[in-house]
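Trainee: Can you take me through this one? I'd like to start with the rings.

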Amino acid sequence: SGFAVSATALAMPDAGLISYGEQVQVARNICEATRSSGLLVIGDGDTGFGCSGNVRRTLRGYAAAGLAGISVEDQVYPKRCSYARGLAVENRKRAIARVRSAVSARNEMREECGLDLVLIARTDCRNCSGGGGLEEAIARCVEFARLGADVVYAEGLKGAPELKQLNEAMAQTQSGRETPLMIAQVERPGVVLMQAEEAARLGYTLSLLGLTVLKVALRAMKDALAEMAAGRHPAYERRMPFDELYAEVGFPAHYAWEERFEEGTNPPPPAPA
């Protein structure tokens with residue numbers, strides 16, 4: 001999530017301020033931290049960070065970082081969060097050219113160096129003033145599928161009726177029938193979340209909740225800091241036990257590695273709290 005990376009790495013809003021280098025470094029760190037878990041990580045590729053050459057560099061960099069997938073969207077660069085003011089999308093011709101360059105970059109990676117990414121082609125025109133609305137969003141998704149995107153996604157569709165309408169339009173084309181659809185949701189006032197099972201019934205294969213964990217974590221941290229500022233201490237059940245924290249950050253695995261090669265050099269772990 002570009003929103004989450006901007007918030008946690010820069011303490012800034014997702015309003016076109018974060019760079020390719022900052023995004024790919026966070027992606028690399030996440031992939032390294034989750035490598036042994038088997039999790040597949042999707043990265044927010046924004047607009048590809050510029051022209052077609054930037055799109056190519058972004059796909060190669062994200063794949064080399066260890067990501068399994070990337071989303072590339074049709075906003076004007078520098079882009080901003082779809083909930084921010086000043087949202088603007090490229091015209092259809094430029095949007096198609098961007099996705100075409102991303103598809104070509106993905107194919108080139110596969111052929112030349114064995115790297116690969118699931119390419120999610122995204123349109124933001126549904127909620128963009130002058131973007132063409134639902135009709136244009138559907139037309140772009142159909143075209144993105146025809147170009148060879150692995151997954152397509154229309155941001156901001158209004159509930160089940162519009163999700164169904166997109167799925168039905170995609171099903172009328174050969175490439176659309178073969179291309180999975182994605183839904184992404186954020187808990188906001190007035191929004192009723194769609195459960196994954198319902199999204200699946202409407203024809204959607206992938207369901208993302210990109211800000212949920214960030215919101216839960218930030219609320220917990222702010223509550224704990226407020227308690228400490230008031231002279232209290234967060235209750236035991238609200239804190240991760242130290243031995244669990246010790247294991248989560250990797251000390252036991254690190255010691256196991258040291259014991260293979262540096263016998264007698266590693267200190268004993270601290271006693272459990």
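Trainee: How many aromatic pairs does a search of the whole structure find?
Mentor: Seven. Rings of Phe, Tyr and Trp (its six-membered ring) pair if their centres lie within 6.5 Å; planes under 30 degrees apart are stacked, over 60 edge-to-face, and the rest tilted. Keep in mind that this is a predicted model: local features need pLDDT of at least 70, side-chain atom pairs count only at pLDDT 80 or more, and totals for chains, interfaces and linings use all residues. Residues are numbered from 1 along each chain as its sequence is written, and side-chain values use heavy atoms, with hydrogens and water left out.

Trainee: What sort of pair do Phe242 and Tyr246 form?
Mentor: A tilted one, at 5.7 Å centre to centre with 45° between the planes. Both residues lie in helix H10 (residues 242-248), four residues apart, about one turn of the helix. Helices (H or I, at least four residues) and strands (E, at least two) are DSSP runs, numbered from the N terminus.

Trainee: And Tyr246 with Phe251, what kind of pair is that?
Mentor: Stacked, with the centres 4.2 Å apart and 15° between the planes. Phe242, Tyr246, Phe251 and Tyr255 form one aromatic cluster.

Trainee: Is Tyr246 buried or exposed?
Mentor: Tyr246 is buried, because its relative accessible area is 12%; the cut-offs are under 20% for buried, over 50% for exposed and partly exposed in between (1.4 Å probe, protein chains only). Phe242 is partly exposed at 40%, and Phe251 is partly exposed at 35%.

Trainee: New topic. Where does Tyr83 lie?
Mentor: In the loop between strand E2 (69-73) and helix H4 (92-112). Tyr83 counts as partly exposed, at 35% relative accessibility.

Trainee: Which residues does Tyr83 touch?
Mentor: Glu155, Val186 and Arg188, not counting residues up to four places away in sequence. Contact means heavy atoms within 4.5 Å.

Trainee: Now the helices. At what angle do the axes of H1 and H2 cross?
Mentor: Roughly 90°, and the axes of H1 (residues 2-10) and H2 (residues 20-34) come within 11 Å. That makes H1 roughly perpendicular to H2, a label for 65 to 115 degrees; under 35 is roughly parallel, over 145 roughly antiparallel and the rest oblique. Axes are lines fitted to C-alpha atoms, for helices over the stretch in contact, with angles from 0 to 180 degrees between N-to-C directions.

Trainee: Which residues meet there?
Mentor: Gly2, Val5, Ala9 and Leu10 in H1 meet Glu22, Gln23 and Val26 in H2.
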